Amino acid sequence: MEMEGFAPSGSTEAELLQRIDEGRLPRHLAVIMDGNGRWAESRRLPRVAGHREGIESVREIVESSALLGLEALTLYAFSVENWKRPRSEVRTLMTLLKRYLRRELDRIHRHNIRFLAIGRIGELEESVRTELQHAMSATASNTGMRLYVALNYSGRAEIVDAFNLLLGERKKNGDAAPVDEELIARHLYTSAVPDPDLLIRTSGEMRISNFLLWQIAYSEIYITPTYWPDFRRRHLLEAILEFQKRDRRYGGLQAPCEGGR
Ligand code: IPE
Ligand code: IPE
Ligand code: MG
């Protein structure tokens, strides 16, 4: 794959990019951004230093994904379970999120990215909701990559929300057609995009932690020991190359001829 300005010629990134098959990119990439705390602890820094550095990785992965031409990128930023952390850590995470949105909105816009927050956003504090709303409306007419940021997110809660939405519609319309997979998928937070082709989890944990439970039915999973703050463009390209080697069978015997895309 050739792409001007993506990486200086002769760099590792440029060499990796060359090996990527443009026709078999994942359409939707999902990432469990884990390991900020361990990154900081390994440097004898406070955990929040890891979250701060993790923002740099977010910027780089968002921009690289947009430049590669992915249709959707979904980042797991804060789970419903993350409220169990010390209040000061939660506060820092929310502050960093607001700062990221304020600082990066112009660049997000310039890359024609559409920003969307998913999760139980109504339960976040008002100043966060205001910032999210602003970023969503400012980028609503952008036609490039959709950037979903999962906040106060839980895969089970998403399925519960989909059912309640559906039940509400049925009550209103008196519709009683049988429920099928397509109908449930249409009521999920990510109904506008295909299911993730590739799910990346950084920092080595071999679990899903309540992320996109419905949508990852046939996603390829890539787990790297690299901590999120160290995960940059090069690592993204390595993950995509590994994805392109996978044989996606969907329960059949042979890889479908179109591959990833
Ligand atoms: C990921 O890093 C960020 C969030 C979950 C908000 P962690 O904070 O979970 O870092 P570790 O897993 O403790 O290293
Ligand atoms: C998953 O990471 C959630 C996010 C990345 C936002 P956690 O660090 O919260 O997951 P567990 O606790 O290790 O499963
Ligand atoms: Mg963690």
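Let's start with the largest pocket, which is lined by 35 residues, with M33, Y76, A77, F78 and N82 nearest its centre. By pocket I mean, on a 1 Å grid over the protein atoms alone, an open set of points with protein on both sides within 12 Å along at least five of seven lines, and lining residues have an atom within 4 Å of a point. The elements giving two or more residues to this lining are α2 (36–41), α3, β2 (72–79), α4 and β4 (146–153); these are DSSP runs numbered from the N terminus, helices being H or I with at least four residues and strands E with at least two. The largest share comes from α4, with 6 residues. The pocket holds about 820 Å³ of space, where a volume is the space filled by probe spheres set on the points, and grid points are joined across faces, edges and corners.

A quick word on the ground rules. This is a predicted model, where local features need pLDDT of at least 70, side-chain atom pairs count only at pLDDT 80 or more, and totals for chains, interfaces and linings use all residues. Residues are numbered from 1 along each chain as its sequence is written, chains are lettered from A and ligands numbered from 1 in the order in which they are written, and side-chain values use heavy atoms, with hydrogens and water left out.

Now to the helices. How do α3 (residues 47–68) and α4 (residues 87–110) pack? Their angle is about 30° and their axes are 10 Å apart, the axes being lines fitted to C-alpha atoms over the stretch in contact, with angles running from 0 to 180 degrees between N-to-C directions. They are therefore roughly parallel, a label for angles under 35 degrees. In α3, R47, H51, I55 and V58 are among the residues that meet α4, whose side includes L93, L96 and Y100; contact here means heavy atoms within 4.5 Å.

α3 also packs against α8 (residues 233–245), at about 50° with the axes 9 Å apart. The contact includes I61 and L68 of α3, and L236 and I240 of α8.

Last stop, friends: the largest cavity, about 30 Å³ in volume, a cavity being a set of points where a 1.4 Å probe fits but cannot get out. R59, V62, E63, Y100, E104, R107, I108, H111 and I113 line this cavity, and α4 gives the most, with 4 residues.

Key: Angles under 35 degrees count as roughly parallel, over 145 as roughly antiparallel, 65 to 115 as roughly perpendicular and the rest as oblique.
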